[in-house]
Amino acid sequence: MVRPQHAPATRGGDGVDPIIEVRGLRNQFGTQVVHEQLDLQVRRGEILGVVGGSGTGKSVLLRSIVGLLRPAAGEVRVFGQDLTALSSEARSGYERRFGVLFQQGALFSSLTVLENIALPLTEYGGLNADEARGVAAMKLALAGLPIAAGDKYPAALSGGMIKRAALARALALDPDILFLDEPTAGLDPISAAAFDRLILTLRDALGLTVFLVTHDLDTLYAICDRIAVLSSRRVLVADRIEAVAAYDDAWIRQYFQGPRGRAASLAALRAHPTQGQP
């Protein structure tokens, strides 16, 4: 099938404009090697979906890029800088251009939603409390939540609202790159589809680059420009979804050509029946 086309990533003279470059990455915990000689490029302006079987280190890769985990070896270049070679102070300046949505939202339970969003604005954005609340309210609206949700504590929110509140916090400092770790996990199909549409809208409106770890086949077909598959401690293939689905690998065949994969592909085709036709 021909998948829906989204806004193209900005291209350099060689056809690729990488905003993230991972080279020779090695991640190891004790004797367990998770990644070995892993290479990956993320293009400016794209939504890259990262998939792989359990234990392939999808979230570990995300944490390595954003600086929460220092790799045992290799290089992580973001915005043209090798972040692994920078001092903590210099690196933190670049990391403020990241927005991260963790798997469970990771909101502070003792703070209201608005306070959660305002926190990075006062700690890192240089705003006072009143200014931060004003900006936080705008981010809340940007994430599709009503202003009344700002006064609630995370425990009072539904799963879908928690995801949107966490997204609003990830957008607080106007990031260039948005990292999403299983953003639709635990959501019902309607809420998951709405969240997918929101991510696509934000990418197009704000010019974001999105690094998306997911198992959701519907998300892959609906919004991702490319898919990177982690296997055997490295990136097995990174390409458009049609090329990845046709790749000669047992796990990929089972994942994309199994019943759920075929259903997601058919749903995407039905949603865009004329896409790719002359």
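# Briefing: rings, burial and loops

Y255 counts as buried, because its relative accessibility is 13% (buried means under 20% relative accessible area, exposed over 50% and partly exposed in between, using a 1.4 Å probe and protein chains only). Keep in mind that this is a predicted model, where local features need pLDDT of at least 70, side-chain atom pairs count only at pLDDT 80 or more, and totals for chains, interfaces and linings use all residues. Residues are numbered from 1 along each chain as its sequence is written, and side-chain values use heavy atoms, with hydrogens and water left out.

**The overall picture**

- The protein chain has ten helices and ten strands (DSSP runs numbered from the N terminus, with helices being H or I of at least four residues and strands E of at least two).
- Of the 278 residues in the protein chain, 49% are buried.
- Take the contacts (heavy atoms within 4.5 Å) between residues at least 6 apart in sequence: 67% of them join residues at least 24 apart.

**Aromatic rings**

- You'll find six aromatic pairs in the structure (rings of Phe, Tyr and Trp, the last by its six-membered ring, with centres within 6.5 Å; planes under 30 degrees apart are stacked, over 60 edge-to-face, the rest tilted).
- One of them is F98 with F179: the ring centres are 5.3 Å apart and the planes sit at 75°, so this pair is edge-to-face.

**Helix α3 and what covers it**

- Which residues of α3 are buried? They are V113, L114, N116, I117, A118, P120 and L121.
- The cover over these buried residues of α3 includes α4 (129-142) and α5.

**A72, out in a loop**

- Look for A72 in the loop between α1 (58-66) and β4 (73-78).
- Is A72 buried or exposed? A72 is exposed, because its relative accessible area is 53%.
- Leaving aside residues up to four places away in sequence, A72 touches R26 and N27.
- A72 and E36 are 36 residues apart along the sequence, while their C-alpha atoms are 9.6 Å apart in space.

- As background, most residues other than glycine have a negative phi.
- E182 isn't a glycine, yet its phi is positive, near 50°.
- E182 sits in the loop between β7 and α6 (189-206), and it counts as buried because its relative accessibility is 10%.
- S232 is another non-glycine residue with a positive phi, at about 55°.
- Where does S232 lie? S232 is in the loop between β9 (226-231) and β10 (234-239).
- S232 is exposed, because its relative accessible area is 56%.
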